[in-house]
Amino acid sequence: MTFIHRLADVQSDKIGEGTRIWQYVVVLKDAKIGDNCNICAHSFIENDVIIGDNVTVKCGVYIWDGITIENNVQLGPNVTFTNDKYPRAKQAFELKRTVVRENASIGAGAILLCGIEIGENAMVGAGAVVTKDVPPFTLWVGNPAKQVGYVTKEGKTLSQNLIDKKGNQYKLVKGEPIL
C-alpha cells in the first residue's frame, strides 16, 4: 500500500505500490517513482525524473529534471544534484542528464555535477564532489572525488589493490571484484 503523508504535495499519479512519501516532500506531476521507495521529508522531485524500485531518498535531496535513479539506489541526506553546467539567472540552459545505476550508494552531502553516470554497485562517500563518470563497482571520495577502492556486489568495500579488511584478495572479472 502506497503512503503519502498529508503534508506532502504529490502532483504525480505515477507512484509505485508500497512507496512511502513523507511530510514536506514535493513531487511534480510528470515524475515517475517506482515500487517500495522511501522518499524522506524535505525532498523535491521535478517533472523529468525517473526513480526505479526500492530506492531510498533521505531528507533534503532535490532531484531535478534530467535525472534517472535506477533500482535499489541509496541517496543519503542532502545529496545535491545539478542539471546545468553553466547556470545563469533567467536564461535558457542545456539540460545535462545524470544517471545513477542500480545498487549504487551516494553518501550524505555528496555533490554530483550534471552529465555524469554513477555505475552499478558504485559507492560515493559522504561529502564527495563528483565531476566525472564513476565506473561500476568502484568507491570514490574527496573533492574532487577520486577512486580509492572497489565495492563488491554485496556492498563490501575493498582497497585499491582489491583487498578486504580481513586480508582476502579479490580479482576483477569484467570490472566486478570477485573473491
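The following legends describe views of one predicted protein model.

**View 1. Overall dimensions of the protein.** The C-alpha atoms fill a box of roughly 50 × 40 × 25 Å along the principal axes. Residues are numbered from 1 along each chain as its sequence is written. In this predicted model, local features need pLDDT of at least 70 and side-chain atom pairs count only at pLDDT 80 or more, while totals for chains, interfaces and linings use all residues; side-chain values use heavy atoms, without hydrogens and water.

View 2. The protein has 0 helices and 24 strands, which are DSSP runs numbered from the N terminus (helices: H or I, at least four residues; strands: E, at least two).

**View 3. The pairing of S14 with S17.** Strand S14 (residues 98–100) pairs with S17 in the parallel sense over 2 bridges; pairing requires at least two bridges found by DSSP. Val99 stands opposite Glu117 in S17.

**View 4. Burial in the protein.** Buried residues, those under 20% relative accessible area (1.4 Å probe, protein chains only), make up 43% of the 179 residues.

Methods: Buried means under 20% relative accessible area, exposed over 50%, partly exposed in between (1.4 Å probe, protein chains only).
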